[in-house]
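Please keep the sequence and the model at hand while reading.

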Amino acid sequence: SGGIFTALLLAVACALLVVPVARAAVPPDQDSFYKYEGKTKLKKIAPGTVLKTRTVPFHVTGIEVPITAVQLLYRSTSALNKPTVNVTSVLLPPLKLGTPTVLSYQSFYDSLNTEDDPSYEISSGTYEGQDIAKVESVLIAPALLTGETVVVPDTEGEEADFSAGPVYGYNTLDSLRAALSSPATGLTPTTKIGLAGYSGGAIATEWAAQEAPAYAPEINSDIVGAAMGGVLVDPAHNLKYVEGSSSWASIIPMSLDGLARAYHLDLSPYLTAYGKELLESDQDKSITNETSTPGLTWSEVVKPEYPTPESIPVFVRTANKLIVSQGGTPTVPFLIGQGNGGEEFEGTPG
């Protein structure tokens with residue numbers, strides 16, 4: 001098996017070196033595959049139901065590699081419990097070794113832009129956020145090369161609801177429902193599943209594990225364990241943690257944008273003129289390309305009469321829904337990892 005593993009790694013490496021860059025895929029907001037066009041109302045369709053299927057080659061920064069991706073449009077649920085649609089990518093292993101198993105890999109794409117969706121990158125998108133796709137292809141390659149099927153959902157959903165944890169969880173669980181039920185994936189309803197994710201992927205992993213017992217008990221019974229790192233435990237605390245940071249202060253307006261988008265909040269009465277400008281300019285940003293405000297503080301974004309996040313009632317009501325454990329209690333083994341070098345390397349408190 002070691003020889004096969006080495007040969008497959010060499011094949012992927014050679015493909016990356018010699019295969020020409022593919023033409024960019026159509027962005028999600030222009031691609032009809034991402035739209036539901038059926039006659040049945042979505043609210044009458046069960047979460048996780050497959051609505052469309054297509055097969056594309058797996059691309060890494062626009063370069064085709066010898067892995068097949070089955071992409072599924074499926075029914076899911078919004079932060080406000082409304083029916084939505086979303087896309088997941090099921091990466092098929094080059095060799096099937098024994099009973100199929102699934103790694104549900106939740107990407108750390110942390111973005112307000114649907115062009116950062118993993119499904120777009122996988123189908124040959126060439127958006128500037130591709131450094132994440134490049135890194136993550138290395139992380140998931142070992143699972144593929146040992147015969148695991150890797151499921152990569154667009155965890156933030158069709159509107160890129162950055163930092164809205166419940167949405168990430170619903171999209172992840174319904175992605176697995178779709179993957180296990182689709183004839184195109186070769187999986188079955190009893191296929192065993194492992195969950196993994198870092199940063200934004202940790203948000204999805206933790207919320208999927210929390211929500212699974214009540215929201216998707218049939219998926220919960222298939223999950224053998226979960227692992228996450230770079231954990232967002234309490235969004236309001238996170239805003240204080242990144243305040244003034246040389247690297248991560250831009251998350252303040254991005255997080256407010258994400259919550260306002262997911263929960264249909266109007267935060268404009270609380271914002272300074274500069275805060276309104278920041279939230280407007282961040283509408284299509286990723287944390288990988290939003291570095292324009294190093295050292296940004298809460299007081300620059302929000303009016304003086306609201307000196308802390310806790311002084312805005314509508315924010316408190318929303319953020320309290322996003323604290324870890326509010327979605328339920330995981331029943332599966334769970335590995336949680338968190339680094340402690342933020343103060344030294346990123347200007348955030350220890």
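Which residues of α7 meet which residues of α8? Asn238, Leu239 and Val242 in α7 meet Ile251, Ile252 and Ser255 in α8, where contact means heavy atoms within 4.5 Å. The model is predicted: local features need pLDDT of at least 70, side-chain atom pairs count only at pLDDT 80 or more, and totals for chains, interfaces and linings use all residues. Residues are numbered from 1 along each chain as its sequence is written, and side-chain values use heavy atoms, with hydrogens and water left out.

**The chain as a whole**

- The secondary structure of the chain comes to twelve helices and eight strands; helices (H or I, at least four residues) and strands (E, at least two) are DSSP runs, numbered from the N terminus.
- Of the 350 residues in the chain, 53% count as buried; buried means under 20% relative accessible area, exposed over 50% and partly exposed in between, with a 1.4 Å probe and protein chains only.
- Among contacts in the chain with a separation of 6 or more, 75% are accounted for by residues 24 or more positions apart.

**Helices α7 and α8**

- Two packed helices are described by the angle between their axes and the distance between the axes.
- Helix α7 (residues 235-242) packs against helix α8 (residues 251-263) at an angle of about 160 degrees, and their axes are 9 Å apart.
- Axes are lines fitted to C-alpha atoms, for helices over the stretch in contact, and angles run from 0 to 180 degrees between N-to-C directions.
- α7 and α8 are therefore roughly antiparallel to each other; angles under 35 degrees count as roughly parallel, over 145 as roughly antiparallel, 65 to 115 as roughly perpendicular and the rest as oblique.
- The residues of the contact of α7 with α8 divide into four nonpolar, two polar and no charged; Ala, Val, Leu, Ile, Met, Phe, Trp, Tyr, Cys and Pro count as nonpolar, Asp, Glu, Lys and Arg as charged, and the others, Gly among them, as polar.

**The sheet**

- An open sheet of eight strands has the order β1-β2-β3-β5-β4-β6-β7-β8, with mixed pairing; two strands pair if DSSP finds at least two bridges between them.
- Its edge strands, β1 (50-60) and β8 (334-337), each pair on one side only.
- On average, neighbouring strands of this sheet are turned by 20 degrees against each other, direction ignored.
- Strands β4 (residues 101-106) and β5 (residues 149-153) pair in the parallel sense over three bridges, and Val150 in β5 is the bridge partner of Leu103.
- Helix α4 (residues 165-181) packs on the sheet and touches β1, β2 (63-77), β3 (83-92), β4, β5 and β6 (192-198). The direction of α4 makes about 110 degrees with that of β2.
- α5 also packs on the sheet, touching β2, β4, β6, β7 (223-229) and β8; the direction of α5 makes about 140 degrees with that of β6.

**Strand β3 and its partners**

- Nine of the ten residues of β3 are buried, so β3 is largely enclosed by the rest of the structure.
- β2 and β3 run antiparallel and are joined by ten bridges; Tyr74 has Asn86 in β3 as its bridge partner.
- The hairpin of β2 and β3 has five residues between the strands, and Asn81 there takes a positive phi near 60 degrees.
- β3 also pairs with β5, in the antiparallel sense, over four bridges, and Thr88 stands opposite Pro153 in β5.

**Helix α5**

- Helix α5 (residues 200-215) bends by about 30 degrees at Ala209, and the proline Pro213 follows within four residues. The bend at a residue is the angle between axes fitted to the seven residues ending there and the seven starting there.
- α5 is mostly covered, with 14 of its 16 residues buried.

**Individual loop residues**

- Glu148 lies in the loop between α3 (130-145) and β5 and is partly exposed, with a relative accessible area of 25%.
- Leaving aside neighbours within four places in sequence, the contacts of Glu148 include Leu91, Pro93 and Thr101.
- Ser199, in the loop between β6 and α5, has a positive phi of about 60 degrees although it is not a glycine.
- His264 lies in the loop between α8 and α9 (273-281) and is exposed, with a relative accessible area of 62%.
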